[in-house]
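Visitor: Please take a close look at one helix of this model. Then set that helix in the context of the chain around it.

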Amino acid sequence: MESKIRTYESENATVTWDQKRCIHVAACVHGLPDVFDQNGRPWITPENASAEDLLATVRQCPTGALHMVQPDGTNPEPIPTEARVTVDPDGALFLQGDIRIQNADGEEILRDTRVALCRCGLSKNKPLCDGSHEGQFTDPGALDEVGTVLEDGTVGAELVVTPRPDGPLLIGEPVQICGADGQTVVKPKVGLCRCGHSKNKPFCDGSHRDAGFTAP
């Protein structure tokens, strides 16, 4: 898993951009074009907006490629109160929460509040999405399965994700899964497809074995 972070400073705030995590959703460009200009050099000019507007726009970046810190170095972004996975049509899994991605040995490899994970099997930066699904992967992102309904308050902020070697993304905590069809289910734990071959997307059905999927 690679990163390439660039920093853009102003008196009000410092914005960081991880090029390896950016898949050009362009929420920043549409939300605050005076700051985020794809044709500008530099393309991020945080001095052109207030800290409040910067934070509001940075939080719209679903991949976590953008972050902001205040002049004193603190992170003003609140942690979402409930963990959520949103299935993007023909695209990634967008995660929100107190997210911790760990390897099979339990070693933390990423901690964030917003992450985009690959579900097509094509990313060269697994388990993160790198945009390789564009024009190569199709899936409407609908939920064809009814999840276990849990009482209010059961879903917390914590979201621990373990990409299994050559297998699915395992989540061991209760989590909301939101489909592109508007349906939301709550799972106490779940395995999500990351090979692109499951017939029950976004859930794993074991197809990675027959497909010969390999990933660390």
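Guide: In helix 2, residues 51–58, the buried residues are Leu54, Leu55, Thr57 and Val58. Buried means under 20% relative accessible area, exposed means over 50%, and partly exposed lies in between, with a 1.4 Å probe and protein chains only. Helices here are DSSP runs of H or I with at least four residues, strands are runs of E with at least two, and both are numbered from the N terminus.

What do the buried residues of helix 2 pack against? Their partners are strand 2 (14–18), helix 1 (27–31), strand 3 (66–69) and strand 6 (108–117). Contact means heavy atoms within 4.5 Å.

A word on the basis. This is a predicted model, in which local features need pLDDT of at least 70 and side-chain atom pairs count only at pLDDT 80 or more, while totals for chains, interfaces and linings use all residues. Residues are numbered from 1 along each chain as its sequence is written, and side-chain values use heavy atoms, with hydrogens and water left out.

Now the approach to the helix. His24 is in the loop between strand 2 and helix 1. His24 has a positive phi of about 60°, although it is not a glycine. With a relative accessible area of 60%, His24 is exposed. The loop between helix 1 and helix 2 holds Pro42. Arg41 and Pro42 are joined by a cis peptide bond, with omega about 0°. Most residues other than glycine have a negative phi, and most peptide bonds are trans.

Pro127 lies in the loop between strand 6 and strand 7 (158–163). The peptide bond from Lys126 to Pro127 is cis, with omega near 5°. Asp166 is not a glycine, yet its phi is positive at about 60°. Its relative accessibility is 35%, so Asp166 counts as partly exposed.

Next, the whole chain. The protein chain has three helices and eleven strands. Their order along the sequence is β-β-α-α-β-β-β-β-β-β-β-β-β-α. The radius of gyration is 18 Å, close to the 17 Å from the globule rule for 216 residues, so the chain is as compact as a globular protein of that length. The radius is taken over C-alpha atoms, and the rule is 2.2 Å times the number of residues to the power 0.38. Along the principal axes, the C-alpha trace spans about 50 × 40 × 35 Å. Of the 216 residues, 50% count as buried. Of the contacts with a separation of 6 or more, 55% come from residues 24 or more positions apart.

Pro188 is in the loop between strand 10 (184–187) and strand 11 (190–192). From Pro188 to Glu47 the gap is 141 residues in sequence and 44 Å in space, C-alpha to C-alpha. Pro216 lies in the segment after helix 3 (207–211). At 77% relative accessibility, Pro216 is exposed. Neighbours within four places in sequence aside, Pro216 is in contact with Pro165 and Arg194. Pro216 and Ser3 are 213 residues apart in sequence and 17 Å apart in space, C-alpha to C-alpha.
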